[in-house]
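Subject: Handover of a structure and notes on its contents

Dear colleague,

Please find below the structure that I am handing over to you.

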Amino acid sequence: MSGHSKWAQIKRKKAVTDARKGQMFTRLAREIALAAREGGADPAANFTLRLIIDKARTANMPKENIERAIQRGTGALKGEAIEEITYEGYGPGGIALLVQVMTDNRNRAIADIRRVFNRQGGNLGESGSVGWMFDQKGVITVEARGMDPDELGLLALDAGAEDARVDDSFVEIYTEPKDLHIVREALARRRIPIETAEINMVPKSRVQPSDDETLKAMRLIEALEELDDVQRVYSNLEIPESLVDKLEAAA
C-alpha cells in the first residue's frame, strides 16, 4: 500500500480522538443533511445517507445530532442553506487537488481556500482544470486484524470489486460507485470488519515529487483540511512510505 494510504489511515485514526472532534461532527452533520435533502430521510432507501450515518456512528457522533441533521436536510428543522462546491487547483510538485466544500457562504469559502493556496505554494485553478485526472469510485478500507490480506482482496473481487490493494495490515478495495453497497454487504455477511466505505475521487495516476515538495504538498493539504467549510481534499500525491514513517516517528 502506498504511503498516501498509510498517511490517510494515520489521520483518520487521529481525527477520532483529537480536539477537533467538534469540527468533525459539524462536517458529518452537513454531509448527513445534504444526503437527506437529495435522497430522503430513510437510510434503508438512501444508501448515501446510510454510509454517512455509519461513518458518524464510528466517530461516536451522538444519535440526536444525527437525527437533527436529517431533519435539517428534509426541511423538518430550519437551518442554513448548504451548497456543495468542488474547487480545483495545483500544489507543490505539480500535484492536482480537488477541494470538496459544503458551505452556507460561498464567498467566505473561496476566500479562505484561495488564501491557503497562496500561502502554501499552490495555485487555485479553473473548473475542470484537474477534475479529469480523477474517477469517482467506491472505496472500502479493511484492517486485516489477523486475516490474510490477499484472501480479503480475493473475496472483494469475487463480490464484484474492480481492484484491491493490500499490504500487511490494510486492504483498500475499489468498486464502481453503484457496486459499493453490494461489495460492502458481501463483506459484512462474512463478518469482515469494515473501517470505511464511501464514495471518493480516486486519481487515475499519481505524482511523486521530491521529499521537500512532498512535505510542502502535505502541509497544503492539511491546511485546506483545517478550514471549516472544507469537507475533503483529494490529491494525486504519491507519498513514499519511508517519509510517512519518519513523520510518524517525529510526531
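Predicted model: local features only at pLDDT ≥ 70, side-chain atom pairs only at ≥ 80, totals over all residues.

Salt bridges

A search of the whole structure gives 17 salt bridges.

One is formed by Arg-232 and Glu-31, whose closest N and O atoms are 3.5 Å apart. Arg-232 belongs to strand β8 (residues 230–235) and Glu-31 to helix α2, so this pair ties together parts that are 201 residues apart in sequence. Arg-232 is buried, because its relative accessible area of 15% is under the 20% limit for that class. Glu-31 also counts as buried, with a relative accessibility of 9%.

Another salt bridge brings together the side chains of Glu-198 and Lys-55, at 3.4 Å from N to O. Here too distant parts of the chain are linked: Glu-198 is in strand β7 (residues 194–203) and Lys-55 is in helix α3 (residues 47–58), 143 residues apart. Are these two side chains buried or exposed? Glu-198 counts as buried, at 13% relative accessibility, whereas Lys-55 is partly exposed, with a relative accessible area of 25%.

The side chains of Asp-229 and Arg-108 meet in a further salt bridge, with 2.9 Å between N and O. Asp-229 sits in the loop between α8 (211–225) and β8, while Arg-108 is part of helix α5 (residues 106–119); the two are 121 residues apart, and the pair links distant parts of the chain. Which residues does the network around this pair join? Salt bridges with shared partners connect Arg-30, Asp-104, Arg-108 and Asp-229 into one network. Within it, Asp-229 is buried, with a relative accessible area of 5%, and Arg-108 counts as partly exposed at 34% relative accessibility.

Arg-30, a member of that network, lies in helix α2 (residues 21–39). Arg-30 counts as buried, at 16% relative accessibility.

A charged patch on the surface

Asp-148, Asp-150, Glu-151 and Asp-158 form a negative surface patch. One of these residues, Asp-148, is located in the loop between β4 (134–143) and α6 (149–158). Asp-148 counts as partly exposed, with 43% relative accessibility.

A buried leucine

Leu-243 is in helix α9 (residues 241–250) and is buried, with a relative accessible area of 7%. Leu-243 and Leu-215 are separated by 28 residues in sequence and by 8.8 Å in space, C-alpha to C-alpha.

Two residues with positive phi

Asn-60 is not a glycine, although its phi is positive, at about 65 degrees. Where is Asn-60 placed? Asn-60 is found in the loop between α3 and α4 (63–74), and it counts as exposed at 54% relative accessibility.

Arg-191, a residue other than glycine, likewise has a positive phi, near 60 degrees. Arg-191 occupies the loop between α7 (180–189) and β7. At 78% relative accessibility, Arg-191 counts as exposed.

Yours sincerely

Methods: Residues numbered from 1 in each chain as written. Heavy atoms only, no water. Patch = residues over 30% accessible without salt bridge, like charges linked within 9 Å, V, L, I, M, F, W, Y side chains within 5 Å. Areas by Shrake-Rupley, 256 points an atom, 1.4 Å probe, with all protein chains shown as cover. Salt bridge = Lys/Arg side-chain N within 4 Å of Asp/Glu carboxyl O. Lys, Arg positive; Asp, Glu negative; His and termini not counted. Charge placed at Lys NZ, Arg CZ, Asp CG, Glu CD. Helix = DSSP H or I, 4+ residues; strand = E, 2+ residues; numbered from the N terminus. Buried < 20%, exposed > 50% of the residue type's maximum accessible area, 1.4 Å probe, protein only.
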